[in-house]
Amino acid sequence: MSALFNFQSLLTVVLLMICTCAYLRALFPSIMDRNKVGLMGTFWKCARIGERKSPWVAMACLTMAFSILFIR
C-alpha cells in the first residue's frame, strides 16, 4: 500500500522529511535559504518547522517510533 493511502505511513514520511530538512539546513544553510519558493521552498518550510517546533517534532518522532515498534 502506498504512503498516500496509509495514514501512519504518511505521518512517518512527513516527520522524516521535516527532520531531514532541518538537519540538512544545519549543514548547508546557504543552499536552503536561497530557495524559498517552488519545490525547494517546501523543503525550506519543512526545515523551519523542524527548527522552530523541535520539541514537538521530537515528541512526534518518539510517539511514531513507539507505535511502529510496539503497536503494529
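Visitor: On what basis are residues numbered and values computed here?
Guide: Residues are numbered from 1 along each chain as its sequence is written, and side-chain values use heavy atoms, with hydrogens and water left out. This is a predicted model, in which totals for chains, interfaces and linings use all residues, side-chain atom pairs count only at pLDDT 80 or more, and local features need pLDDT of at least 70.

Visitor: In what order do the elements of the protein chain run from the N terminus?
Guide: Helices (H or I, at least four residues) and strands (E, at least two) are DSSP runs, numbered from the N terminus. The protein chain has four helices and zero strands. Its C-alpha atoms fill a box of roughly 40 × 25 × 15 Å along the principal axes. From the N terminus on, the order of elements is α-α-α-α.

Visitor: Are H1 and H3 parallel, perpendicular or oblique to each other?
Guide: Axes are lines fitted to C-alpha atoms, for helices over the stretch in contact, and angles run from 0 to 180 degrees between N-to-C directions. The axes of H1 and H3 are 7 Å apart, at an angle of about 90 degrees. Angles under 35 degrees count as roughly parallel, over 145 as roughly antiparallel, 65 to 115 as roughly perpendicular and the rest as oblique. H1 and H3 are therefore roughly perpendicular.

Visitor: How do the residues of the contact of H1 with H3 divide into nonpolar, polar and charged?
Guide: Contact means heavy atoms within 4.5 Å; residues of H1 including Met17, Ile18 and Arg25 meet residues of H3, among them Trp44, Arg48 and Glu51. Ala, Val, Leu, Ile, Met, Phe, Trp, Tyr, Cys and Pro count as nonpolar, Asp, Glu, Lys and Arg as charged, and the others, Gly among them, as polar. The contact of H1 with H3 has nine nonpolar, two polar and three charged residues.

Visitor: What is the handedness of the crossing in which H1 passes H4?
Guide: The axes of H1 (residues 7-27) and H4 (residues 54-71) come within 10 Å and cross at roughly 140 degrees, and the two helices are therefore oblique. A crossing is left-handed if the near helix is turned anticlockwise from the far one by less than a right angle, and right-handed if clockwise. The crossing of H1 with H4 is left-handed.

Visitor: Is glycine 50 buried or exposed?
Guide: Glycine 50 lies in H3 and touches Ile18, Ala22 and Val57, not counting residues up to four places away in sequence. Buried means under 20% relative accessible area, exposed over 50%, partly exposed in between (1.4 Å probe, protein chains only). With a relative accessible area of 12%, glycine 50 is buried.

Visitor: What is the C-alpha to C-alpha distance in space between proline 29 and tryptophan 44?
Guide: Proline 29 lies in H2 (residues 29-34), and at 37% relative accessibility this proline counts as partly exposed. Proline 29 and tryptophan 44 are 15 residues apart in sequence, and their C-alpha separation in space is 9.8 Å.
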